[in-house]
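Could you walk me through this model in my viewer, one selection at a time? I would like to know what to pick next and what is there.

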Amino acid sequence: MTHLAFQPAGPKVELEADYVVVGSGAGGATAAVTLARGGAHVVLIEAGPWRDPEDYPSSMYGTMRDMFEDFGATIAQGRAFWPVVQGALVGGSTVINSAIAVQTPADVFARWQAEHGVGGGLRDAMWAIQEELTRELNAEEVPPHARGRSNDYAMAASQKLGIEGHYMRRYVRGCEGNGQCLQGCKANRKQSLNVTFVPELRERGGIVLSCAPVDRVVLEREVAVGVTGMFVKPVTRERGAEYFVRAKRGVLIAASVTHSPLVLKRSGLRSRAIGQFFRSHPGAPIIGVYDEPIDMNRGATQGWASLGYREKPGFKLETLSLPLDMLAGRLAGGGAQLMERLADYRHFAVWVQACRAESVGKVEAGPFGNPVVKYTLDRADMERFREGLVLVARMHFAQGARAVLPGIHGVPYSLSRDQLSTLENAPLEPRAYVAVLSHLFGGCVMGRDPKTSVCDERGKVHGVSGLYIADASAIPTNLGVNPQHTIMALSRLWSRQILAAA
Amino acid sequence: MIALIRSAMCDFMPATQRLPGVADTGVTEFLETMKRESGRLYWLGLVMGAWVYSITPFMTVFVPLPAFVLPASLRDRHAQRIVGSRFYLIRQAVFLVRLSAGLCWGRDARVREQLGLGAYPLDPGTYRTT
């Protein structure tokens, strides 16, 4: 028995291991396999089900049902309501993201040290681990045959404007360019952790519990000794058996930026730092409309990026192919007018800016125990947000788009090249935009001061023995780059330190 | 309730000469499935969105009647204008109706064929049980 899926109501399931890891995304699965490689017996617990490529949906409805947390209904509440996108299955968001591997920039470590008193010394160790991960999971540039016209056009546009731009490096083996990264790679080319580290964990004797949301960490005299929870069936939400997993050496929490803080709170931890320092990269698209078909559904979902504006003013640019069934609901308009617009779908290229926002929010428990994110971008963030969109529009026009579709309330549906000033003067009100929060940080941040942080620079929770954080919730600032590579490196580094200290 | 949501969705995505509308894509069955399978927060938001859409024609086409009794031309005008409402909460409420309509419409094989896209295979809805 190395995998326990949903267990119907009945006798309590009890297990024991050296370490229990809560959450199987980039942080959790990496921690679990690292501990197992070091000879430890590990139980990995995931709230969602374990889906293999043959189980993956094709439609966005199926994706929201089978892969997104709470049918995609997690919303950041603030001045505007923006959705928070996270995977809720074994492998976490690595199943539904683009597997982008970007080395943690050096300035990030310096900033952690300056603002939180820790992390400055992590750079060399993390970079070395990132090199390992690059080899293990085969980070490779999007191959020419899998780029598709949208990605190629973005590269050409960036070259015309003299903007730094590159084809992405992603954890993919032989991309076929099916344009279905968001729905999970049915061709099994993406090296998401449900098809890599989690199976390896089982081979090494580890146990995986799926459909098993954790309720709380069991603490005995300030020592973490295990976790309790209850199996819950996907979709129907039928409640199953309760379980208790005893941890002889430690519990690692990697339940995501929105859930890790809530697990700690439900476990009785009282630190005021829990749930604080939430940050993200809010993203929004500009659609270019071209005379020729773009067919953005062909080629890598995300194949091109620019980090040229990461430091100043603070945003990154990316391509993103949106499936018809997702775009249809996001395109401005209604009625026959909307249908006329959708007829141009094959001529659309969606390129996005993701803002390196400095605004800080928090994560709280909602009325049903669900995570609630309180988060609003301030004016400075909105200015860089808008500046990023303007640059995306310029790229489209440089590449020959006949129009761009900003999707901003108060701005015309379609703008021509000579109407760019309209976009430059678009409102700075967050409510005018339909943005998405896809890269999340904080909630259980590392730091020197227990009053303002949850864990130290080794991931150990302040004031509790045997309890560690191992996901993006420990990251105290945003990165300005895609975070998976950083999360995995931090998790592996801390897991090795835990093994060494045992 | 499903009839109310269906009516709003069909107003947002009517059939045109070039493309089938959401009414042609099995929307009733889709909504029955969605009611079972979506989270309670999502479904509650969808119901609220349909209500908001239905009771707001007085703000857009200046007729004090619910949307579902209006003639087709007024419903179409209402669907166009309500998404640009100056009130954020109204825009957000109807956004969910439009999003759901898009999820139903955009996965339909005939729609996809018309737009040069391959048909989606069925979503298996399966997962490892052992």
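Start by selecting B:Thr16 and showing its neighbours: leaving aside residues up to four places away in sequence, B:Thr16 touches A:Ala336, A:Met339 and A:Glu340 (contact means heavy atoms within 4.5 Å). This is a predicted model, in which local features need pLDDT of at least 70 and side-chain atom pairs count only at pLDDT 80 or more, while totals for chains, interfaces and linings use all residues. Residues are numbered from 1 along each chain as its sequence is written, chains are lettered from A and ligands numbered from 1 in the order in which they are written, and side-chain values use heavy atoms, with hydrogens and water left out.

Next, colour chain B around this residue. B:Thr16 sits in the loop between helix H1 (2-12) and helix H2 (27-37) of chain B; helices (H or I, at least four residues) and strands (E, at least two) are DSSP runs, numbered from the N terminus. Is B:Thr16 buried or exposed? With a relative accessible area of 19%, B:Thr16 is buried (under 20% relative accessible area; exposed is over 50%, partly exposed in between; 1.4 Å probe, protein chains only).

Now select chain A and zoom out. Chain A has 12 helices and 21 strands. Its radius of gyration is 22 Å, close to the 23 Å from the globule rule for 502 residues, so chain A is as compact as a globular protein of that length (taken over C-alpha atoms; the rule is 2.2 Å times the number of residues to the power 0.38).

Finally, colour chain A by burial: 64% of its 502 residues count as buried.
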